[in-house]
Amino acid sequence: MTVTVARTTVSEHGIVRYASIGGLELEAGGYLPDVTLAYETWGTLNADASNAVLIEHALTGSTHVTRGDTDEPGWWEQLAGPGAPVDTDRFFVVSINIVGGCYGSTGPSSPAPDGTPWGSRFPLVTLRDSTVAEARLADKLGIKSWFAVLGGSMGGARALEWAVTFPERVQRCGVISIGAASTAEQIAFAQAQTLAIRQDANFNGGDYYGGPFPEDGLALARRIAHITYRSAAELEGRFGRAPQAPESPLQGGVLASRGRYQVESYLDHQGNKLVRRFDANSYIAITEALMSHDICRGRGPLPETLARSGARFFVAAVDSDRLYFPAQSRELAAALPGEVDVHLITAPIGHDGFLTEIGQLGHQLRAHLSD
């Protein structure tokens, strides 16, 4: 059920709720009528609404950042929760499912005005569009200015877009494991993933609802993505050339019957796990939103663009990241006004270290969020 929310009615912590924010004119020319946003909150908004923190999820993340009133673990518990750097005993924390998603916000699987799923008719939504939508929800929650907006990977791109699109509404901005724009290489990796889904025999141009889902294509897209999320050293250290026992990759009468290496089994597991929880069209929609990431589009050179924001910035990267290289974070920090350090997470895991090793930056994040 979609409800209109008011600041005084929000009381449950870590429970998904929904808000209608009206029609949304989109940057690329499309239009979405009566958009719904799914979101979760933790903590209590204070009397002058000055303690609100927005945490933006990454590509296939949900709104469930931390536990709250549920027993379900959140995806960034090292960052947010009672006593954590983003202390839910102090802050009113909000997380919003991006437009185009499949965790409650309007997306390709949602009913269009004719009552059937949007499917192939779903328009291109950019990160800038999603920021405009989230600002409307903030209005409904009574939040005129965020104490902080932060996120990692695509969540970091969303946080950066907030700081530049609505500079008067963001006091602090945390940009982790992302640069100022998606590079050609990052777009290339993304295109391979979306094409894997579109070429699935069951994709049907995006209108597969009511029939078999393009599971093979979505699983392949996740395999491609996951290789970029992990480092070569991490994959070698965990798996090397070991076979997936009792299978043997060097036995089989024909090519199709050979056994798998452990690393292949691992990628199969990651692909199949995503298929059970995510919509293929949403994967395409959000991936293309991330392709659109360019904080300078229509705004001028990077230093000029960033000068629009008066926020205090926290910039961080993972030293082994081979998807969003630390050099991109350094370029971003160098273009910001004043002296902005790039905090490094030291971990062999690769890009996913922004999730699993965020605890390394706990002290620095607490300092960033102090008065």
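1. Let's start with helix H7: it gives the most to the lining of the second largest pocket, namely 4 residues. Keep in mind as you read that this is a predicted model.

2. How much space lies in that second largest pocket? About 180 Å³. It is lined by 14 residues, and those closest to its centre are Gly119, Phe122, Arg198, Ile284 and Ala285. Sorted by type, the lining splits into 8 nonpolar, 4 polar and 2 charged residues.

3. While we're on H7, have a look at Thr287, which sits in this helix (residues 280–291).

4. Now for the largest pocket, which holds about 900 Å³ of space. Its lining is made of 41 residues, and Thr60, Gly61, Arg222, Arg277 and Leu355 lie nearest the centre. By type, you get 18 nonpolar, 16 polar and 7 charged residues.

5. Which helix supplies the largest share of that lining? H3, with 5 residues. Helices H3 (184–198), H4 (215–229), H6 (262–275), H7 and H10 (353–356) each bring at least two residues to the largest pocket. H7 turns up here as well as in the second largest pocket.

6. Next, the annotation. An unreviewed UniProt entry places the feature "active site" at Ser153, Asp321 and His351. These residues are spread over 199 residues of sequence, yet they cluster in space, with a largest C-alpha distance of 10.8 Å. From this set, Ser153 and His351 belong to the lining of the largest pocket.

7. Ser153 is in the loop between strand S7 (148–152) and helix H2 (154–165). With 8% relative accessibility, Ser153 counts as buried. Beyond its neighbours within four places in sequence, Ser153 has contacts that include Ser177, Tyr324, His351 and Phe354.

8. And where is Asp321? Look in the loop between strand S9 (312–318) and helix H9 (326–335). Asp321 is buried too, because its relative accessibility is 3%. Its side chain reaches the backbone nitrogen of Leu323 at 2.8 Å. Leaving aside neighbours within four places in sequence, Asp321 is in contact with Ser177, Pro326, Gly350 and His351.

Conventions: Residues are numbered from 1 along each chain as its sequence is written. This is a predicted model: local features need pLDDT of at least 70, side-chain atom pairs count only at pLDDT 80 or more; totals for chains, interfaces and linings use all residues. Side-chain values use heavy atoms; hydrogens and water are left out. On a 1 Å grid over the protein atoms alone, a cavity is a set of points where a 1.4 Å probe fits but cannot get out, and a pocket is an open set with protein on both sides within 12 Å along at least five of seven lines; lining residues have an atom within 4 Å of a point. Grid points are joined across faces, edges and corners, and a volume is the space filled by probe spheres set on the points. Ala, Val, Leu, Ile, Met, Phe, Trp, Tyr, Cys and Pro count as nonpolar, Asp, Glu, Lys and Arg as charged, and the others, Gly among them, as polar. UniProt positions are given in the numbering used here, feature names are shortened, and annotations may be inferred rather than shown by experiment. Buried means under 20% relative accessible area, exposed over 50%, partly exposed in between (1.4 Å probe, protein chains only). Contact means heavy atoms within 4.5 Å. A polar contact is a pair of N or O atoms within 3.5 Å; within protein, one must be able to donate a hydrogen and the other to accept it, and residues adjacent in sequence count only if both atoms are side-chain atoms.
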